[in-house]
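Q: I would like to look at a structure with you and ask some questions as we go. Could you show it and begin with the terms we need?

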Amino acid sequence: MVALGPVAAREREWRAPWPVDPALVLGPHRRGPGDPTMRAEPGGAVWRTSRTPDGPGTLRVAAASGRVAATAWGPGADWMLATLPALLGADDDVSGFVPGHEVVRNAARRYPGLRIGRTSRVLEALVPAVLEQKVVVTEARRAWRWLLGRYGDPAPGPAPEGMRVFPGPEVWRSIPSWDWHRAGAEAVRARTIVNAARHAGKLEESGGSAEVDRLLRALPGVGVWTSAEVRQRSHGDADAVSVGDFHLPSLVGWSLSGARADDAGMLALLAPYRGHRHRVSRLLRLGGSRPPARGPRAPVRDHRRF
């Protein structure tokens with residue numbers, strides 16, 4: 001870990017042409033209430049850390065009356081402020097999005113500040129997505145917290161206690177097998193992350209969403225679902241559908257047709273929204289409905305005991 005002394009704050013004010021809601025836009029980047037890379041204040045302000053191209057940074061962003069006020073600390077402060085509009089969805093093109101279902105129209109009216117922002121940091125989105133592969137959320141979030149607590153750098157500036165900055169690729173490559181086990185991540189997910197870290201430079205330098213999709217899916221252990229989860233966050237891809245998600249097909253099917261659906265049925269229902277299929281999925285997560293549960297929940301496995 002790198003110990004950081006006192007650092008000067010950088011500030012930026014930005015006015016957006018829509019009602020910005022930082023907690024809503026940044027919500028998908030938060031891996032549970034205990035995520036050491038994000039904190040939310042009761043008033044709606046959000047703290048976020050990132051390992052930028054210039055180094056670790058901490059960002060606090062709040063919005064009121066159409067004005068976004070941001071403060072950043074650390075070597076990555078200027079980069080975080082420069083990319084603030086993109087993070088909050090300024091590059092998200094909502095043209096052509098026409099809600100064709102009442103549930104989608106209602107959710108769009110209820111959440112006018114919803115935008116698909118982008119972090120421009122691929123590995124930061126990839127690691128937690130891999131940790132979430134084929135396990136319950138509780139298990140993945142526990143592993144994420146443990147690894148960031150062990151290997152993340154302290155957040156620069158006056159960040160809330162316990163916040164950490166995502167480790168660099170070289171750190172992920174060096175984590176020993178016993179610490180992956182202590183985190184609760186079995187060998188398959190660990191190997192996927194270590195291998196991705198070896199290719200971090202190429203991933204971060206890739207172009208648009210289609211290019212990074214090709215690169216990601218060439219990596220062993222990274223499939224359609226993981227690539228979509230990454231591109232939604234790193235590239236703000238409003239059309240990247242999480243095919244293979246355990247819950248999403250049922251949510252989409254029940255919300256749009258009143259019936260359960262599989263991946264093929266979900267894609268058929270979302271087809272009229274091509275270009276905005278992830279946007280619709282997010283709106284349905286916020287305002288859709290799920291079918292009645294048919295069986296017990298999947299058990300929380302603890303790989304540390306295996």
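A: Helices (H or I, at least four residues) and strands (E, at least two) are DSSP runs, numbered from the N terminus. The model is predicted, so local features need pLDDT of at least 70 and side-chain atom pairs count only at pLDDT 80 or more, while totals for chains, interfaces and linings use all residues. Residues are numbered from 1 along each chain as its sequence is written, and side-chain values use heavy atoms, with hydrogens and water left out.

Q: Where does S65 lie?

A: S65 is in the loop between β4 (55–64) and β5.

Q: And is S65 buried or exposed?

A: S65 is exposed, because its relative accessible area is 77%; buried means under 20%, exposed over 50%, and partly exposed in between, with a 1.4 Å probe and protein chains only.

Q: What is phi of S65 near?

A: Phi of S65 is near 55°, a positive value in a residue that is not glycine. Most residues other than glycine have a negative phi. S120 also has a positive phi, near 65°. S120 sits in the loop between α4 and α5 and is partly exposed, at 25% relative accessibility.

Q: Then let us follow the chain into α5. How many residues of α5 are buried?

A: In α5, 10 of the 10 residues are buried, so this helix is largely enclosed by the rest of the structure. Among them are E124, P128 and L131.

Q: Which residues of α5 and α6 make the contact between them?

A: The two helices pack at an angle of about 135°, with their axes 8 Å apart; axes are lines fitted to C-alpha atoms, for helices over the stretch in contact, and angles run from 0 to 180 degrees between N-to-C directions. That angle makes α5 oblique to α6, given that under 35 degrees counts as roughly parallel, over 145 as roughly antiparallel, 65 to 115 as roughly perpendicular and the rest as oblique. E124, V127, P128 and L131 of α5 meet A140, A143, W144 and L147 of α6, where contact means heavy atoms within 4.5 Å.

Q: What classes do the residues of that contact divide into?

A: The contact of α5 with α6 has seven nonpolar residues, no polar ones and one charged one. Here Ala, Val, Leu, Ile, Met, Phe, Trp, Tyr, Cys and Pro count as nonpolar, Asp, Glu, Lys and Arg as charged, and the others, Gly among them, as polar.

Q: What about the largest nonpolar core: which residues touch the most other members?

A: That core has 34 residues, and L123, L126, V127, L131, W172, W180 and L216 touch the most other members. A nonpolar core is a set of buried Ala, Val, Leu, Ile, Met, Phe, Trp, Tyr and Cys residues joined through side-chain atoms within 4.5 Å. The elements giving two or more residues to this core include α5 (122–131), α6 (137–151) and α8 (177–183). The largest share, eight residues, comes from α5.

Q: What is W172 in contact with?

A: Leaving aside neighbours within four places in sequence, the contacts of W172 include L123, V127, F166, P167 and W180. Ring pairs also link W172 with W144, F166 and W180 into a cluster.

Q: How many aromatic pairs does a search of the whole structure find?

A: The search finds six aromatic pairs. Rings of Phe, Tyr and Trp (its six-membered ring) pair if their centres lie within 6.5 Å; planes under 30 degrees apart count as stacked, over 60 as edge-to-face and the rest as tilted. One of the pairs is W47 with W73, which is stacked at 5.4 Å centre to centre with 10° between the planes. W47 belongs to strand β3 (residues 46–52) and W73 to strand β5 (residues 67–73), so the pair links parts of the chain 26 residues apart. W47 is buried, at 8% relative accessible area, and W73 is buried at 9%.

Q: Changing topic, at what angle do α4 and α15 pack?

A: Helix α4 (residues 102–110) and helix α15 (residues 277–287) pack at about 80°, with axes 9 Å apart. That makes α4 roughly perpendicular to α15.

Q: And where is R290?

A: R290 is in the segment after α15 and is partly exposed, with a relative accessible area of 47%. Not counting residues up to four places away in sequence, R290 touches H247, L251, W254 and R285.
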